[in-house]
Amino acid sequence: PAALARVERASPAGPEVVALAREAQPITGDVHDYDALLARIGDARIVLLGAAGHGTHEFYRERARITKRLICERGFNAIAVDGDWPDAQRVNRYIRGARADRDAEQALRGFRAFPAWVWRNLEMHELVDWLRIHNDGLHPSARKVGFHGLDLYGLASSIDALAAELATSAPEAAALARARCEQLFAAASPRHGHAALAGVPAPERRRVIERLVELRRHAADQLTGDGVLAEDEQFYAECNAAAVADAADHYEALFGEAPTGWNLRARRLADA
């Protein structure tokens with residue numbers, strides 16, 4: 001109360017700061033920090049953890065603390081992130097008992113495209129190791145926690161691989177792929193991307209899109225024969241197919257003139 005009174009007297013920012021001071025709850029590291037939050041969550045089936053602090057140690061640390069409590073106290077058993085399906089699936093295999101990767105750091109190496117630091121950071125390493133230990137301690141009949149990617153962030157690595165492959169056989173297509181990659185992931189201007197389309201025939205453009213989809217299908221198909229648990233095989237296969245189908249529409253829009261590519265990505269996130 002005394003601190004609130006000082007804020008009310010000293011704040012030049014108006015009622016918004018006062019309202020925030022009234023509602024804010026301190027985070028001290030105590031085990032009860034998020035009791036009120038879990039009480040408000042109640043029996044909700046889906047909890048969204050916002051990304052307002054992307055890139056900060058504190059955000060990743062507190063997100064992990066909340067995640068652990070949701071798993072242990074509310075029975076949540078799926079973590080869905082805005083990462084690519086194959087990259088996240090490597091982590092999923094690790095936390096569910098696969099031995100292909102020796103530790104969390106290795107399991108997270110699938111996240112190579114920008115922004116890799118969102119997932120490959122010390123706080124995520126600790127959370128992934130915790131998830132592995134948690135799952136290992138469950139009864140064999142219990143549902144293990146999964147870690148799944150909702151996004152199409154394989155775009156950059158797919159384009160990069162395609163450009164290298166086409167560099168000698170189809171240099172125009174390779175230049176197009178490189179230009180689009182630069183535009184999408186290095187904040188180049190839209191004009192740069194459109195200029196890269198000039199002079200490239202529609203059949204060649206279609207070939208680029210088809211090859212990109214093929215690359216994504218190959219990355220997804222690798223999951224079905226590598227450590228996939230039997231009871232989830234159909235689920236993984238359906239997710240792979242959906243990711244490839246969505247990628248086709250996504251690439252088609254990104255290589256065209258209509259600025260609909262990111263809308264398709266947002267729809268993909270929601271559907272996934």
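**Close-up views of a predicted model**

**View 1. Phe59 and Tyr60 are a buried pair.** Both Phe59 and Tyr60 are buried, where buried means under 20% relative accessible area, exposed over 50% and partly exposed in between, with a 1.4 Å probe and protein chains only. This is a predicted model, so local features need pLDDT of at least 70 and side-chain atom pairs pLDDT 80 or more, while totals for chains, interfaces and linings use all residues. Residues are numbered from 1 along each chain as its sequence is written, and side-chain values use heavy atoms, leaving out hydrogens and water.

**View 2. Two aromatic pairs turn up in a search of the whole structure.** Rings of Phe, Tyr and Trp (its six-membered ring) pair if their centres lie within 6.5 Å; planes under 30 degrees apart count as stacked, over 60 as edge-to-face and the rest as tilted. The ring centres of Phe59 and Tyr60 are 5.5 Å apart with planes at 55°, so this pair is tilted. For Phe111 and Trp119 the centres are 5.8 Å apart and the planes at 40°, so that pair is tilted. Phe111 is buried at a relative accessible area of 4%, and Trp119 is buried at 5%.

**View 3. Helix 4 spans residues 57–74.** Helices (H or I, at least four residues) and strands (E, at least two) are DSSP runs, numbered from the N terminus. The 18 residues of helix 4 reach 25 Å from first C-alpha to last, close to the 26 Å expected at 1.5 Å a residue; the expected span is 1.5 Å times one less than the number of residues. Its buried residues include Phe59, Tyr60, Ile66 and Leu70. Among the elements covering the buried residues are helix 3 (35–41), strand 1 (78–84) and helix 7 (122–136). Just after helix 4, Gly75 takes a positive phi of about 75°.

**View 4. His125 sits in helix 7.** With 18% relative accessibility, His125 counts as buried. Not counting residues up to four places away in sequence, His125 touches Ala104, Glu105, Leu108 and Arg120, a contact being heavy atoms within 4.5 Å.
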